[in-house]
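Here are some notes to read alongside the model. Please keep the structure open and find each residue as it comes up.

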Amino acid sequence: GKPVSVCGEMAGDPAAAVLLAGMGMDSLSVSSSSLLRIKWVVRSFSMQQARSLLEEVLQMDRPEFIRERMNVALEENGLGGLVRAGK
């Protein structure tokens, strides 16, 4: 019954922000330069999608597999520009 927030670099990472939302974080504190990007990302995923991705990556044991899965999820939701810099 207590509000939980995340502040810092992790909250400003698009892939991590989706997973943090799936974990039920009440708020994410990010730098002003990341704010619009993270709002766009969080609004692009339903809570069900975020929870499903979280369940999926919790079964993985290698960080590179988690990152790749999250990159694919971002691409699938039309956010590929966040994965491929400059595109």
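This is a predicted model: local features need pLDDT of at least 70, side-chain atom pairs count only at pLDDT 80 or more; totals for chains, interfaces and linings use all residues.

1. Glu64 has a charged partner. Its side chain meets that of Arg62 in a salt bridge, with 2.3 Å from N to O. Arg62 is partly exposed too, at a relative accessible area of 41%. Side chains of opposite charge can pair when their charged atoms come close.

2. How many salt bridges are there by this rule? The count comes to four. One of them joins Arg69 to Glu56, where the closest N and O atoms are 2.7 Å apart. This pair links distant parts of the chain, since Arg69 sits in helix α4 and Glu56 in helix α3, 13 residues apart. Glu56 is partly exposed, with a relative accessible area of 33%.

3. Arg69 also forms a salt bridge with Glu76, at 3.9 Å from N to O. The cut-off for a salt bridge is 4 Å, so this pair is counted. Glu76 has a relative accessibility of 59% and counts as exposed. Together, Glu56, Arg69 and Glu76 are linked in a network of salt bridges.

4. Now look at the two helices that the Arg69 and Glu56 pair connects. Helix α3 covers residues 47-58 and helix α4 covers residues 63-76; their axes come within 10 Å and cross at roughly 155 degrees. Angles over 145 degrees count as roughly antiparallel, and α3 and α4 are therefore roughly antiparallel to each other. Their crossing is right-handed.

5. Which residues of α3 and α4 meet? From α3 they are Leu53, Glu56 and Val57, and from α4 they are Ile66, Arg69, Met70 and Ala73. By class, this contact has five nonpolar residues, two charged ones and no polar ones.

6. Helix α3 also packs against helix α1, which covers residues 14-22. Here the axes are 8 Å apart and the angle is about 100 degrees. α1 and α3 are therefore roughly perpendicular to each other. On the α1 side, the contact is made by Val18, Leu19, Ala21 and Gly22. On the α3 side, it is made by Met47, Ala50, Arg51, Leu53, Leu54 and Val57. These residues divide into eight nonpolar, one polar and one charged.

7. A last point concerns α3. Leu53 and Val57 take part in the contact with α4, and Leu53 and Val57 are also listed in the contact with α1.

Terms used. Residues are numbered from 1 along each chain as its sequence is written. Side-chain values use heavy atoms; hydrogens and water are left out. Axes are lines fitted to C-alpha atoms, for helices over the stretch in contact, and angles run from 0 to 180 degrees between N-to-C directions. Helices (H or I, at least four residues) and strands (E, at least two) are DSSP runs, numbered from the N terminus. Angles under 35 degrees count as roughly parallel, over 145 as roughly antiparallel, 65 to 115 as roughly perpendicular and the rest as oblique. A crossing is left-handed if the near helix is turned anticlockwise from the far one by less than a right angle, and right-handed if clockwise. Contact means heavy atoms within 4.5 Å. Ala, Val, Leu, Ile, Met, Phe, Trp, Tyr, Cys and Pro count as nonpolar, Asp, Glu, Lys and Arg as charged, and the others, Gly among them, as polar. Buried means under 20% relative accessible area, exposed over 50%, partly exposed in between (1.4 Å probe, protein chains only).
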